[in-house]
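Have the viewer open as you read.

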Amino acid sequence: MSAVPSTPRRQASHETGTPLATPQTTRVGSSHIVQSSPHYQTTRRHSLYGTEDRIILDPGSRVWKVGFSGEGKPRDVFLADSESGRSLWTLNRASKPADRDEEDRVLEAKLQACLRSVFHNSLLTDPKSRKVILVEHPLLPLHIKEIMARILFNNLQVPSISFASSHLLALLAAGRVTGLVLDCGHLETTVLPMFSFRPLYPHLRTTPLAGARLSSHIKALLLMFGTYIPPATSLSAAMNIPAASRSVRVPQDVLTDKVIDEIKTRCCFVGEPLDADAASGAQRASSPGGGSELDLPPSDPALSESEFSRVSADVESSFSSAHAASSGYSVVSHSQLAGMAGDASHAGQSSVQALATMYGRHSTATDIHMRVDPPPAQQTGTGRGTLIIPGWIRERAAEVLFEGGDVDESSVAEVILDCLLKVPVDLRKTLASTILVVGGTPMLPGFIPRLQAELVRAVTRTSSHSAAASPTRSGRTRPATYDRYAALRPLLPYFAILNNPAPPPPASANAAANAGKAPAFTPAMMAWVGGSLAGALKTGGVEVQREKWDEAEAQPDDGDVSMD
């Protein structure tokens with residue numbers, strides 16, 4: 001009797017080369033790169049159930065960058081407050097407890113909406129199975145960090161949170177362990193030295209000259225020197241009336257935060273420093289009397305642009321006419337310029353016009369015609385208005401970031417030099433040759449080469465011309481003026497910026513080895529890339545577990561125990 005044939009079984013070795021093997025789902029095409037998803041064009045495989053890849057959050061006051069660890073760029077970059085475009089928090093806080101609590105509640109609601117959007121819209125992942133690395137600014141207020149941790153633990157229930165310094169992560173992305181990191185963001189510019197991956201927090205220096213001040217300065221210049229062509233009231237008027245006859249002063253309603261951001265990011269750049277002799281000659285030509293007040297170099301604080309463009313944190317109130325009449329930091333409008341005649345305000349008008357004339361003569365940029373939405377009173381349905389941006393504003397608006405002389409508002413170059421004066425002497429040469437510039441404001445074309453030139457200019461600048469210009473009493477000799485950066489003059493051959501796209505010819509071996517040697521990441525992404533690298537290497541710092549957070553919240557405060 002014949003035996004019943006048995007069903008063929010696969011061998012235990014699971015060989016895939018036999019014809020009986022199940023066909024593989026991996027499709028081999030013309031390219032050998034295996035992509036994880038048609039939506040995310042990456043070469044890494046991400047599992048919906050895996051927890052190896054950590055979430056990297058870089059929450060700024062305006063712009064957030066989020067993504068997974070191990071990737072070279074974030075998955076999403078978005079405005080935190082997309083409706084208004086303003087910052088989630090500012091440098092000022094309410095003094096009254098009731099107002100402070102109300103601000104914290106509003107901030108918590110906005111942060112919760114942003115964090116839930118990160119996981120559910122941007123990354124499409126389950127927050128309960130993903131560890132989080134939070135890129136924090138060294139001066140981030142403690143109450144903001146506490147609100148973020150409370151939302152992530154209590155609302156989203158993440159397993160753990162690791163806080164990492166943004167300056168440290170940026171230096172990690174550059175492949176260095178020691179360096180001087182300058183972060184020029186929206187609210188402030190911060191310089192923090194690093195030695196062997198140890199932040200030297202006592203030597204941290206900061207200045208409010210950053211992206212917010214640049215935006216206010218651009219708005220002030222456009223209100224004074226810009227031109228606006230409103231849309232025609234009818235189609236026949238658009239054909240018959242020339243555009244030049246319809247040009248008016250720029251209305252304040254046209255310069256919204258969105259328009260200012262677009263001008264700053266798409267139209268502006270940083271020009272080269274002006275020669276002192278050429279600037280002085282331009283000022284003498286623009287002055288009718290040739291007074292000695294206008295013979296100063298453009299970098300002198302007496303003719304600083306911030307005198308007529310410095311505004312308060314509330315942009316709307318600072319540009320109102322009532323505030324402009326009473327505040328010492330108000331912006332001179334076109335009507336005020338037209339009404340000035342022969343008084344003390346005439347000198348201020350001459351100074352402002354002299355700066356405009358000087359920059360206009362030495363500018364190589366062209367004017368730009370930008371289409372903008374008209375104010376609500378002029379929306380007649382015939383089209384959009386035209387905003388004419390002078391070329392010298394595009395090129396010289398960033399001068400406000402490089403003007404020094406103020407004790408409370410040091411320039412971007414001065415804050416670096418002040419930090420070098422505070423660090424130990426044996427670290428100055430190493431830190432001066434490994435400067436890293438990060439943040440959103442350094443994305444302006446020409447910012448980093450101009451910063452290099454301003455560093456050299458500030459150290460080599462002597463105060464002999466200022467001592468000779470001011471009058472002295474007869475028979476008395478003026479004492480020697482204090483040279484602020486004399487101790488840093490031997491470091492001139494060693495100044496080098498790691499991510500300088502156009503480094504000058506090196507003057508030392510240290511400068512030749514470091515200038516322009518950083519990876520080609522954009523300055524705004526350096527901190528996030530460093531967090532991605534730290535998450536892939538499992539070196540994100542000390543983790544705060546959710547269990548520890550729950551235990552700490554369950555315990556009563558020390559103040560409550562002592563009160564009982």
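Predicted model: local features only at pLDDT ≥ 70, side-chain atom pairs only at ≥ 80, totals over all residues.

Residues are numbered from 1 along each chain as its sequence is written, and side-chain values use heavy atoms, with hydrogens and water left out.

Let's start with the rings. Five aromatic pairs turn up, counting Phe, Tyr and Trp rings (for Trp, the six-membered one) whose centres lie within 6.5 Å. F225, Y359 and W392 come together as one aromatic cluster.

A charge sits over a ring if NZ of Lys or CZ of Arg is within 6 Å of the ring centre and within 35 degrees of the ring normal. K145 does this with F163, its charged end 5.3 Å from the ring's centre. Over the face of F402 you'll find R450, 4.9 Å from the ring centre.

Now look at L200, in the loop between β8 (198-199) and β9 (205-207); strands here are DSSP runs of E, at least two residues long, numbered from the N terminus. Which residues does L200 touch, leaving aside neighbours within four places in sequence? They are L192, P193, F195 and L427, with contact meaning heavy atoms within 4.5 Å. L180 is 20 residues from L200 in sequence, and their C-alpha atoms are 10.0 Å apart.

Technical notes
Phe/Tyr/Trp six-rings, centres within 6.5 Å; stacked < 30°, edge-to-face > 60°. Helix = DSSP H or I, 4+ residues; strand = E, 2+ residues; numbered from the N terminus.
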